[in-house]
Amino acid sequence: MNTRTLEHSKSNTPQIITLGEIMLRLSTPGYARFTQAQHFEVQYGGSEANVAVALANFGLSAAHVTRFPKHELGVAATQALRKNNVETKHIVYGDERMGIYFVENGAMQRSSKLIYDRFDSAFSHIKKGMIDWDEVFKNASWFHWSGITPAISQGAADVCLEAIEAARKNNVLVSGDINYRRNLWQYGKTVQEIMPALIASTDFVIAGTTDIENCTGITGDSFEEACANFMKQYPAVKKVTTTIRDSISSSHNKISATLWDGKKLINSQAYDLTHIVDRIGAGDAYMAGLIYGWLTKKDDQQTLEFATAATVWKHSVEGDVNIATVAEIEALARGENVGRLLR
């Protein structure tokens, strides 16, 4: 049983560890379609690494664990993390390739499109025993994983469970974004064969009712009821939260968030996003906001408002990663400096 509490983590200098694949992102310029593109803009991104970078921008200590190919693209991806003050000393390298995904940004009523090319990536070949988790968690306060990692390969699923078990052994709090990506589960195991063991040792969960049902088979007539049933089966889980998105068009969404703490439902203020720049990574920005809030704020309401403002801010930033300071997010949550020219 994990003996470290949230209050204990707040009293120490927190270090957050994330685990997951990073891919080469190739985006068409502006809002060009794939068939129009003459060149692509290059970035690196991955769900869990996006969380680490956002937290480093918030001033916390963050380290990312992954496996890269041992050639120049692996070096470039490592440098991208270091440039954003994310610790990379626990990264391992192998002989395989870098996963790639292509992005076509939508506009107005045209949806955005993503094409993945990640088969046989270096990360998909990660195995138990490659990472010294006791060393990784030596000074850590928090570990974050997502449902993408165990969907990639059996080895990735095994390493994710290995990391969660080591985190619990080292009294490190665990969060999981149990996002279900149907098309990733291709290695012979179903999501409900893998995910319950990972969830069972996780303290804080991002999940909507559909994710809960897909990953565990648990249902409810409302988010509140589904969360109550979920936490009854998984008593280690302390809080469940999700964002609520109304997609009017690719350029115009409305967003808010809700959190179940085991006793009551807490809701955030709602935002109207009328000129979205890039929504990829918005969920990761929300997760980073939650982790920062739980480690620094006095209550769940403040945490939820900070995290919701963080995901809103991400929609204005190109690329996967939320580039923002704590002061900027807090000002947005208070409704200050919205759209102003600051000088």
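In the predicted model, the crossing of α6 and α7 is left-handed. Helix α6 covers residues 154-169, and its axis lies 9 Å from that of α7, at an angle of about 15°. The two helices are therefore roughly parallel to each other, since an angle under 35 degrees counts as such. On the α6 side the contact is made by Gln154, Ala157, Cys160, Leu161 and Ile164, and on the α7 side by Ile194, Ala197 and Leu198. Sorted by class, these residues comprise seven nonpolar and one polar, with no charged residues.

Helix α7 (residues 191-199) also packs against helix α8 (residues 209-216). Here the axes come within 7 Å and cross at roughly 110°. This angle makes α7 roughly perpendicular to α8, because values from 65 to 115 degrees fall in that class. From α7, Val191, Gln192, Met195, Pro196 and Ile199 take part, and they meet Glu213, Asn214, Cys215 and Thr216 of α8. The contact of α7 with α8 has five nonpolar, three polar and one charged residues.

The relative accessible area of Ile178 is 0%, so the residue is buried. Setting aside residues within four places in sequence, Ile178 is in contact with Met195 and Ile199, as well as with Trp145, Gly147, Val205, Ile206, Ala207, Asp211, Cys215 and Phe230. Of these partners, Met195 and Ile199 belong to the α7 side of the contact with α8, and Cys215 belongs to the α8 side. The C-alpha atoms of Ile178 and Asp120 lie 23 Å apart, with a separation of 58 residues in sequence.

A further helix pair is formed by α10 and α11. The axes of α10 and helix α11 (residues 300-314) come within 7 Å, and the crossing angle is roughly 150°. This makes α10 roughly antiparallel to α11, because the angle is over 145 degrees. The crossing of α10 and α11 is right-handed. On α10 the residues involved are Ala282, Gly283, Ala285, Tyr286, Gly289, Leu290, Tyr292, Gly293 and Trp294. Their counterparts on α11 are Asp300, Thr303, Leu304, Phe306, Ala307, Thr308, Ala310, Thr311 and Lys314. By class, the residues of the contact of α10 with α11 divide into ten nonpolar, six polar and two charged.

Thr311 is located in helix α11. With a relative accessible area of 1%, Thr311 is buried, the limit for this class being under 20%. Apart from residues up to four places away in sequence, Thr311 touches Ala282, Gly283, Ala285 and Tyr286, together with Ile255. Ala282, Gly283, Ala285 and Tyr286 are among the α10 residues that meet α11.

Ser256 is found in strand β14, which comprises residues 253-260. Ser256 is buried, its relative accessible area being 14%. Beyond its neighbours within four places in sequence, Ser256 is in contact with Thr243, Ile244, Ser268, Gln269, Ala270 and Thr308. Of these, Thr308 is also one of the α11 residues that meet α10. A distance of 35 Å separates the C-alpha atoms of Ser256 and Ser121, which are 135 residues apart along the chain.

Asp278 occupies the loop between β16 (271-273) and α10 (282-296). The residue is buried, at a relative accessible area of 2%. The side chain of Asp278 makes a polar contact of 2.7 Å with the side chain of Arg25. A polar atom of the Asp278 side chain also lies 3.0 Å from the backbone nitrogen of Gly319. When residues up to four places away in sequence are not counted, Asp278 touches Arg25, Asn105, Lys314, His315, Val317, Glu318 and Gly319. Lys314 is in turn one of the residues of α11 that meet α10.

Met108, in the loop between β8 (100-104) and β9 (113-117), has a phi near 50°, a positive value in a residue other than glycine. Met108 counts as exposed, at 58% relative accessibility. Asn171 lies in the loop between α6 and β11. The phi of Asn171 is near 60°, likewise a positive value in a residue other than glycine. Asn171 is partly exposed, with a relative accessible area of 27%.

Notes. Residues are numbered from 1 along each chain as its sequence is written. This is a predicted model: local features need pLDDT of at least 70, side-chain atom pairs count only at pLDDT 80 or more; totals for chains, interfaces and linings use all residues. Side-chain values use heavy atoms; hydrogens and water are left out. Helices (H or I, at least four residues) and strands (E, at least two) are DSSP runs, numbered from the N terminus. Buried means under 20% relative accessible area, exposed over 50%, partly exposed in between (1.4 Å probe, protein chains only). A polar contact is a pair of N or O atoms within 3.5 Å; within protein, one must be able to donate a hydrogen and the other to accept it, and residues adjacent in sequence count only if both atoms are side-chain atoms. Contact means heavy atoms within 4.5 Å. Axes are lines fitted to C-alpha atoms, for helices over the stretch in contact, and angles run from 0 to 180 degrees between N-to-C directions. A crossing is left-handed if the near helix is turned anticlockwise from the far one by less than a right angle, and right-handed if clockwise. Ala, Val, Leu, Ile, Met, Phe, Trp, Tyr, Cys and Pro count as nonpolar, Asp, Glu, Lys and Arg as charged, and the others, Gly among them, as polar.
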